Amino acid sequence: MRQRLITVANALAVFLALLVVWQLILWVFHVPRYMLPSPWAVARAVGERFPSLLTSTAITAEESLGGLLASIVVGVIAALIFAQSRWVRKMLYPYTILLQTVPIVAIAPLILMWVGAGIGAVALIAFIISLAPIIANTTQGLISVDENLVHLFLMHNASSAQKLFKLRLPHAVPSLFVGIRIASGISVIGAITGELYAGSSQVGVGGLGYSILYASSQLQTDYLFALVLAATVLGFSFFFVVMFWEWYFLHRWHESVRTPETE
Amino acid sequence: MMVASNVPQIQFDGVSKSYGAGRAVLEAIDLKILKGEFVSLIGPSGCGKSTVLKLIAGLTPPSAGTIQVDGMTPEHARETMSFIFQDATLLPWRTVTDNVGLGLELEHIVSKRRAEKVASLLELVGLGQVADAYPRELSGGMKMRASIARALATNPRLLLMDEPFAALDEMTRDRLNEELLRLRAEQHWTAVFVTHSVAEAVFLSTRVVVLAPNPGRIHAVVPVDLPFPRTAKLRECPEFEGLVAGASHVLRQVLAP
């Protein structure tokens with residue numbers, strides 16, 4: 001407990017030091033307000049415009065969560081197909097690489113053009129960017145089962161369904177979570193990227209990406225900082241929610257989530 | 001004491017095995033194992049000991065010759081056998097109880113009968129206290145006990161063991177050897193046991209088959225005429241030591257022809 005308090009105190013100290021340096025830069029170099037607002041101005045922007053900040057965050061959260069959940073469902077189904085045979089994997093593998101390397105910034109306008117701007121289109125962009133890590137990691141988990149375990153199931157004349165549900169799928173759960181952890185972070189980035197292009201049906205009201213664009217065009221740098229802060233908090237909370245579920249499902253049996261011993 | 005009958009449980013007739021176009025792993029194996037026997041396979045690495053077990057289990061087909069188990073093909077005889085692997089191969093996401101019950105579960109034995117069977121087996125192998133533990137919480141010896149209990153749960157008539165105690169320390173290995181013989185006296189299964197240890201092979205077996213490598217073939221068969229029940233004390237008696245020395249001598253012929 002005392003260890004943990006010290007860790008928190010250390011993190012807080014670093015944060016305060018950063019604020020001091022930030023403020024010093026403003027004073028020493030006379031940076032204009034629209035270039036870099038003071039920490040205090042950012043805090044005030046958060047306070048004064050909290051409702052619209054919350055609305056923007058909620059929109060982005062909805063889009064990225066939708067994209068992420070869809071990528072988990074589709075990704076697991078795709079991984080099950082990939083795990084069927086080496087031949088299928090060889091045939092489809094180049095396309096997952098493609099999925100991973102295609103610059104989302106470049107195809108976002110295309111998708112918006114095809115689907116029509118809106119929450120659905122942005123969620124689709126978040127979905128596309130999250131899909132590759134889910135497929136890759138889950139497939140790996142499904143096919144890397146120890147040969148002797150497969151033999152054990154064969155010895156009991158296990159059916160294909162038994163092999164899938166009692167062996168391959170449970171074995172793939174830790175890898176699936178590795179995929180979800182990666183996807184959770186980039187789904188938020190995907191959604192914000194999509195919003196930069198999607199615009200909004202209502203001037204000034206939209207997700208974080210839209211609001212960032214709007215605030216910068218209006219030179220509301222203090223609010224822009226508040227929005228960046230909100231995006232970071234959103235990404236963090238996704239990450240922690242995934243971590244919690246990972247711990248919940250795996251802590252009893254899997255080595256990777258064993259509670260680390262205190263130094 | 002159990003006497004081996006004259007009924008063959010396993011019969012190899014001119015069995016050869018090669019993987020792909022490569023060199024033969026096993027060549028022209030003739031082997032008859034009778035009901036109630038405990039046969040150990042011993043020999044240097046690459047002599048195909050483990051392949052013999054896989055052939056009996058029908059996990060891989062022979063390239064030539066025929067194999068009969070209980071008068072059937074290996075695939076058909078599978079439900080009469082259990083396989084114990086070199087590492088315990090427990091499912092890490094299942095408790096000890098659920099691991100031991102796996103075979104019964106896959107064979108659709110109703111959960112009540114399964115629970116009774118598993119509970120009695122856990123007592124038998126001394127794991128009653130850790131029934132709800134997960135494999136990662138167990139020592140190597142305890143994992144292997146769970147693996148043995150899982151193999152025995154389906155009431156096998158034939159037990160195939162592939163160096164099951166190789167990774168354990170000597171004391172644990174000796175104790176598990178004694179327990180294995182105690183279980184055999186109660187349950188009357190036939191056993192085929194692969195090992196690197198001559199002393200272990202002699203202690204457990206009614207016959208020790210020495211294999212030679214490149215290609216794998218039967219070099220010699222050493223009968224072990226020590227009476228059952230065998231206990232820890234047997235390891236100190238001169239007859240046992242004589243047999244181990246004799247078998248080691250045969251094994252050395254294989255290693256340095």
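**Figure 1. Contact between helices α3 and α9 of chain A in the predicted model.** Residues A:S56, A:T57 and A:T60 of α3(A) meet A:L208, A:G209 and A:S211 of α9(A). Sorted by class, this contact of α3(A) with α9(A) holds 1 nonpolar residue, 5 polar residues and no charged ones. Helix α3 covers residues 50–82 of chain A and helix α9 covers residues 208–217 of chain A. The two pack at an angle of about 135 degrees, and their axes are 8 Å apart. Angles over 145 degrees count as roughly antiparallel and 65 to 115 as roughly perpendicular; α3(A) and α9(A) are therefore oblique to each other.

**Figure 2. Loop between α1 and α2 of chain A, with A:H30.** Phi of A:H30 is near 50 degrees, which is a positive value in a residue other than glycine.

**Figure 3. The side of chain B that touches chain A.** Here 16 residues of chain B are in contact with 17 residues of chain A. On the side of chain B, the elements that give two or more residues are β5 and α4 (102–106). Strand β5(B) gives the most, with 3 residues. By class, the residues on this side of chain B are 9 nonpolar, 3 polar and 4 charged.

**Figure 4. The open sheet of chain B.** The sheet has 6 strands in the order β5-β6-β7-β3-β8-β9, and their pairing is mixed. Its edge strands are β5 (81–84) and β9 (217–223) of chain B, each of which pairs on one side only. From one strand to the next, the twist averages 15 degrees.

**Figure 5. Pairing of β5 with β6 in chain B.** Strand β6 comprises residues 158–162 of chain B. It is joined to β5(B) by 4 bridges, and the two strands run parallel. Within this pair, B:M81 stands opposite B:L158 of β6(B). Strand β5(B) is an edge strand of the sheet, and β5(B) also gives the most residues to the side of chain B that touches chain A.

**Figure 6. Helix α7 of chain B and the residue just after it.** Helix α7 of chain B runs over residues 170–187 and has 18 residues. From its first C-alpha to its last, α7(B) reaches 25 Å, close to the 26 Å expected at 1.5 Å a residue. Just after α7(B), B:H188 takes a positive phi of about 55 degrees.

Figure 7. B:P215 has its place in the loop between β8 (207–212) and β9 of chain B. B:P229 lies in the loop between β9 and α9 (238–255) of chain B.

**Figure 8. Chain B as a whole, for orientation.** The secondary structure of chain B comes to 9 helices and 9 strands. Along the principal axes, the C-alpha trace of chain B spans about 55 × 45 × 35 Å. A compact globule of 257 residues would have a radius of gyration near 18 Å; the value for chain B is 18 Å, which agrees.

Technical notes:
Residues are numbered from 1 along each chain as its sequence is written. Chains are lettered from A and ligands numbered from 1 in the order in which they are written. This is a predicted model: local features need pLDDT of at least 70, side-chain atom pairs count only at pLDDT 80 or more; totals for chains, interfaces and linings use all residues. Two strands pair if DSSP finds at least two bridges between them. Axes are lines fitted to C-alpha atoms, for helices over the stretch in contact, and angles run from 0 to 180 degrees between N-to-C directions. The expected span of a helix is 1.5 Å times one less than its number of residues. Angles under 35 degrees count as roughly parallel, over 145 as roughly antiparallel, 65 to 115 as roughly perpendicular and the rest as oblique. Two residues are in contact if their C-beta atoms, placed from the backbone, lie within 7 Å. Ala, Val, Leu, Ile, Met, Phe, Trp, Tyr, Cys and Pro count as nonpolar, Asp, Glu, Lys and Arg as charged, and the others, Gly among them, as polar. The radius of gyration is taken over C-alpha atoms; the globule rule is 2.2 Å times the number of residues to the power 0.38.
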